[in-house]
Amino acid sequence: MSEYSAHNQRGMLRIQVQGNPGELLPSDWKENLLDAAESNASSCLHPVLKRPDEKQVTERAYENPRFVEDVVRLVAADLYEKHWIRKVDDYFTLI
């Protein structure tokens with residue numbers, strides 16, 4: 001199905017952060033966390049894919065490979081730059 005004979009792989013990233021005490025979270029805090037995850041993965045997140053879409057997503061991910069360690073490091077680096085996050089938990093779960 002894919003130009004590269006690649007296949008689609010699925011994963012899960014769980015992010016836990018602590019906000020700064022006394023500081024309000026931005027109204028788009030969820031979008032901020034989602035953007036940190038998506039922008040550092042091989043491909044964007046898709047809850048459901050139809051067959052033609054899966055081909056395009058698989059090929060795009062193949063052209064932008066990321067190891068698990070890369071994703072964790074890059075997401076953590078993005079989150080540490082957010083002024084409203086006090087702490088990124090010491091672990092990420094990437095399955």
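Mentor: We shall go from the overall layout to single residues.

Trainee: What kind of model is this, and what is the mean pLDDT of the chain?
Mentor: This is a predicted model. The mean pLDDT of the chain is 82, and 89% of its residues reach 70 or more.

Trainee: Where is confidence lowest, and where is it highest?
Mentor: Within the chain, strand β4 (residues 93-94) has the lowest confidence, with a mean of 48. The highest is found in α1, at 93.

Trainee: How many helices and strands does the chain have?
Mentor: There are 3 helices and 4 strands. Starting from the N terminus, the elements follow the order β-β-α-α-α-β-β.

Trainee: What percentage of the residues is buried?
Mentor: Of the 95 residues in the chain, 24% are buried.

Trainee: Which residues make up the largest nonpolar core?
Mentor: That core has 8 residues: Leu33, Ala36, Val71, Val75, Leu79, Trp84, Ile85 and Val88. The elements contributing two or more residues to this core are α1, α3 (68-80) and β3 (85-88). Helix α3 gives the largest share, with 3 residues.

Trainee: Let us take α1, then. Which of its residues are buried?
Mentor: The buried residues of α1 are Asn32, Leu33, Ala36 and Ala37. They lie on the same side of α1, because they cover an arc of only 130° around the axis.

Trainee: Why would residues a few places apart point the same way?
Mentor: An α-helix has 3.6 residues a turn, so residues three or four places apart point the same way.

Trainee: And what covers the buried residues of α1?
Mentor: The cover includes β1 (13-14), β2 (17-19), α3 and β3.

Trainee: May we look at Ala36? Is it buried or exposed, and why?
Mentor: Ala36 is in helix α1 (residues 29-39). Ala36 counts as buried because its relative accessibility is 2%, and the cut-off for buried is under 20%.

Trainee: Which residues is Ala36 in contact with, leaving aside its neighbours within four places in sequence?
Mentor: Those residues are Val75, Asp78 and Leu79. Two of these, Val75 and Leu79, are listed in the largest nonpolar core together with Ala36.

Trainee: How far apart are Ala36 and Ala76?
Mentor: From C-alpha to C-alpha, Ala36 and Ala76 are 8.3 Å apart in space, while 40 residues separate them in sequence. Across the chain, among contacts between residues at least 6 apart in sequence, 74% join residues at least 24 apart.

Trainee: What about Asn32?
Mentor: Asn32 also belongs to helix α1. Asn32 counts as buried because its relative accessibility is 15%. Its side chain forms a polar contact of 3.2 Å with the side chain of Lys82. Neighbours within four places in sequence aside, Asn32 is in contact with Lys82 and Trp84.

Trainee: Now a change of topic: how far does α2 reach?
Mentor: Helix α2 has 13 residues, and the distance from its first C-alpha to its last is 19 Å. This is close to the 18 Å expected at 1.5 Å a residue.

Trainee: Which residues are buried in α2?
Mentor: In α2, the residues Glu54, Val57, Thr58 and Glu59 are buried.

Trainee: Could you say more about Glu59?
Mentor: Glu59 is located in helix α2 (residues 51-63). Glu59 counts as buried because its relative accessibility is 14%. Its side chain makes a polar contact of 2.8 Å with the side chain of Lys55.

Trainee: Finally, what can be said of Val68?
Mentor: Val68 is found in helix α3. With 46% relative accessibility, Val68 counts as partly exposed. The C-alpha atoms of Val68 and Ala41 are separated by 9.0 Å, and the two residues are 27 residues apart along the chain.

Definitions and conventions
Residues numbered from 1 in each chain as written. Predicted model: local features only at pLDDT ≥ 70, side-chain atom pairs only at ≥ 80, totals over all residues. Heavy atoms only, no water. Buried < 20%, exposed > 50% of the residue type's maximum accessible area, 1.4 Å probe, protein only. Polar contact = N/O pair within 3.5 Å; in protein donor to acceptor, adjacent residues only side chain to side chain. Contact = heavy atoms within 4.5 Å. Core = buried A, V, L, I, M, F, W, Y, C linked by side-chain atoms within 4.5 Å. pLDDT = per-residue confidence, 0-100. Expected span 1.5 Å × (residues − 1). Arc of directions from axis to C-beta.
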